[in-house]
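Hi everyone, thanks for coming.

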Amino acid sequence: MQYVNSDGTVPGLRERKKRATRAALAEAAVRLAAEHGAENVTVEAISEAAGVSPRTFFNYFECHDDAFVMLDPEAGQRIRRAVRETPAGPPALAVVRDAMAAELRDVEEQHEIWSLRAKVLQRSPHLLVRGLGLHIAEEVLLAEAIADRLAGGPVPDGRPAERAGSRAGADGRVECGPLESSGLGLYPRLLAAVATTAVRVAVEHSFAQGRPGTFSGIFRRVFDQLAAGLAEPPTGG
């Protein structure tokens, strides 16, 4: 697995270990849930399968259910930081695309675990609802980062300018719940929603193809079509 930050830099050893531990816990949770059902999988079982202690589990996930959802709040932080700090010039859509692409380098290698996760969520509606809530929360935070970029770039002290109502703690975790987004303009909200949906469509479409090595090309096509204004293609696809 290769680790590259959204700004193109290679993370340090400590950060790579943290990402690897989180990924191992999420993978263990999903594999166990696919076999036994999420409601029958304990934090202790997940931790044992990942080779860490239950205490370590809670360094990465607030609760049992979050391990199955597999949303990485630190990835969201890196994307928002890249959106805010990328030098002026490229359009916001291109900046968001590149920031997301950096976090999705390993999607093709994770085909099996993503597919298992989809099955786990389908079998557990409450997990599907929680995942949707967390994704909406991340979407609002991304819209805030886009708004900050359009307003002039990163905040003076270099810290993310998360607005009142956003649920992002100092550790980057995003809480599930309603968020205040009324202070955001239409464009930041629309771009965040469209980009998030575009990623989901690219992942689902590439997996449906059943062929390895298709995601990066489909991802580029999706964002190229957005950049072109979603003009109807000659073939309809």
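When I say contact, I mean heavy atoms within 4.5 Å. Please also keep in mind that this is a predicted model.

Let's start with Met100. What is Met100 in contact with, leaving aside its neighbours within four places in sequence? The list is Ile79, Leu142, Ala195, Thr196, Val199, Phe219 and Phe223.

Some of those names come back when we look at the largest nonpolar core, which has 31 residues. Met100 is among the residues with the most contacts inside this core, along with Val83, Val96, Leu142, Phe219 and Phe223. The elements giving two or more residues to this core are α5 (73-85), α6 (92-103), α8 (125-151), α9 (186-209) and α10 (215-227). Which of them gives the most? That would be α9, with eight residues. Apart from this core lies another, of 21 residues, including Val30, Ala38, Leu116 and Val120.

Now to α5. Its 13 residues should span 18 Å at 1.5 Å a residue, and the end C-alpha atoms are 18 Å apart, so the two agree. The buried residues in α5 are Pro73, Ala75, Gly76, Arg78, Ile79, Arg80, Ala82, Val83 and Arg84. Among the elements covering them are α1 (13-36), α6 and α8.

You'll have spotted arginines in that list, so let me pick one of them, Arg78. Is Arg78 buried or exposed? Buried, because its relative accessibility is 4%, and the cut-off for buried is under 20%. What does the Arg78 side chain make a polar contact with? Its partner is the side chain of Glu103, at 2.8 Å.

Key:
Residues are numbered from 1 along each chain as its sequence is written. This is a predicted model: local features need pLDDT of at least 70, side-chain atom pairs count only at pLDDT 80 or more; totals for chains, interfaces and linings use all residues. Side-chain values use heavy atoms; hydrogens and water are left out. A nonpolar core is a set of buried Ala, Val, Leu, Ile, Met, Phe, Trp, Tyr and Cys residues joined through side-chain atoms within 4.5 Å. Buried means under 20% relative accessible area, exposed over 50%, partly exposed in between (1.4 Å probe, protein chains only). Helices (H or I, at least four residues) and strands (E, at least two) are DSSP runs, numbered from the N terminus. A polar contact is a pair of N or O atoms within 3.5 Å; within protein, one must be able to donate a hydrogen and the other to accept it, and residues adjacent in sequence count only if both atoms are side-chain atoms. The expected span of a helix is 1.5 Å times one less than its number of residues.
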